[in-house]
Amino acid sequence: MATRVLQLSVYLIGVCLFSICILVFVNATVSFVITDLLHQKENVGDAAGTLGFADELLALVACPFWGLLSDRIGFRLVIVMGYAIIAASLFVLVQVTNVYPQLLLARLFFSLGASCASTMVTAILPSMVSKTRSTVGQRQSTDSNAQTLVRTSQDPRHAHLSGFVGLFTGIGALLALGAFLPIPNRLQSFGVTPEKALADTYYIVAVTAVVVAFACYCGFRATSTNSSERSHDSASTQSVTQRTTKTLSHIPTVLKLGVSQPSLGLGFLASFVARSSSIGITLFIPLYVNASLCGNPASGVEDVKAHCREAYLMAAQLSGVSQVFALVFAPVFGYFPLRHRHFNIPLTVATLSGATGYILFARMHTSKMTPSSLAIMALLGVSQIGTIVHSLSLVSSFVTEEKRTANDAGTNDAVADAVDDHEETTQLLDSDNNHSAFETHEHLKGTIAGVYSFAGSLAILILTKLGGVLFDRLGAEAPFYLLCLFNLILLVAVVTCGVLELYNKTPGRK
């Protein structure tokens, strides 16, 4: 019991909280690196935007890579490597002497570590749930060759833990804003120059990353390595090319599962919508408010501050309200039942809230805070955290869903051997090594997490570019109609999956 508490604590604090905390800190201070350290006063917004865009481009490749690597060597070593890269990159970021290419390369170095940490948030989640799960039913289907038994895991702990993940990531963002960001000003109050104060702050955060890496190394037992690469000591007899080819084959397998398995597909789509909502709240709301109050759309948050202080304060209030509601509703969604019969009610509520909130926001007058504006931002915050929590829950539940395949000849021993090749020989929280006859997708959990993060990064790239073009050409409210469309697509997918599942389970149908 004590070990389980320790591991959960390391996961929630070390992985979930500090990964977001450091990411928020770097995103919030990179413009100061440009102005205070490099003394560049022109085209700051363009440089910061280019760095962010390059960051996400690398993440598209890095997230699946880290997922594949965790399937090969286990997430314990991967998360330690991720934080080690983060620590080294934070040191390098304040040693650069120009934006291109030094700061760009340093930011890409940081992106490599940050994408690792964000991918492991999803990859580790299924292992935090015990193998002892309640089985609520079995679905049996037959064909000419085989009989498949599926035990669908409806354990609410997946949703519960996902709720805590959302809560701790929110706390991590607040920690960055309340603890790390004020450090340069505090150092300057002791007579430290702005340049040295910012550099020293980066060193402090880098040391924090090293401490977190050490905590992860000690807190996670070395039991997360997949048995598929350890079973029968096959690694010693396989060539590097064979092992690499086998690992890379996980990506098309996961993509096929995303299409054929509704729960996993919904998890990926919800990840896309959740990350796009985050960009909508943090990027396009300030631009929209500035355009409404000042009549002159700015190119970024720093321009908003300089151009119209009233708009900056209004945007900060609106974004703050949404984040407060997201933080409050994270555990609420975590304890909301994942399913009600055949329909995913929490995800339906989240998408309805998002579609309604973005339509109303696009038509909202932002001259001052009103009860209606608070209600609208509450809807956006609820939608954002709802899609985050239940996308994680859907993916985690799918990974631990149990499935057994037996042929008509009844060769159960052969099936058990096949299952053993795909299961964890040693579970993070259950070291009893009792292999059931039911197969899970835990041998793919890293790759699934990588594709999940890939979907989120793709959403950021699409919304920042397409939303920016629509903002300039069609009006300040256009990106919010696009976000409404994303939520409606997810809503249609949720309802369609529920209807199809109900139809397939109609009595008399096979």
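This is a predicted model: local features need pLDDT of at least 70, side-chain atom pairs count only at pLDDT 80 or more; totals for chains, interfaces and linings use all residues.
**Exercise 1.** Find which residue pairs with Asp 55 in a salt bridge, and work out where the two partners sit.

*Solution.* Let's start with the charges: side chains of opposite charge can pair when their charged atoms come close. Here the side chain of Asp 55 meets that of Arg 107, with an N to O distance of 2.9 Å. That falls within the 4 Å cut-off for a salt bridge. Finally, check accessibility: both Asp 55 and Arg 107 are buried.

**Exercise 2.** The structure holds 2 salt bridges; now examine the one formed by Lys 196.

*Solution.* First, identify the partner: it is Asp 200, and the closest N and O atoms are 2.9 Å apart. Then look at the spacing: the two residues are 4 residues apart in helix α7 (residues 194-219), so about one helical turn separates Lys 196 from Asp 200. Last, Lys 196 has 48% relative accessibility, so Lys 196 counts as partly exposed.

**Exercise 3.** Describe the surroundings of Asn 487.

*Solution.* Begin with the location: Asn 487 is part of helix α17 (residues 478-504). Its relative accessible area is 0%, so Asn 487 is buried. Now take the polar atoms: one in the Asn 487 side chain lies 2.9 Å from the backbone oxygen of Leu 483. To finish, set aside neighbours within four places in sequence; the residues in contact with Asn 487 then include Val 273, Ser 277, Tyr 358 and Ser 383.

Definitions and conventions:
Residues are numbered from 1 along each chain as its sequence is written. Side-chain values use heavy atoms; hydrogens and water are left out. Buried means under 20% relative accessible area, exposed over 50%, partly exposed in between (1.4 Å probe, protein chains only). A polar contact is a pair of N or O atoms within 3.5 Å; within protein, one must be able to donate a hydrogen and the other to accept it, and residues adjacent in sequence count only if both atoms are side-chain atoms. Contact means heavy atoms within 4.5 Å.
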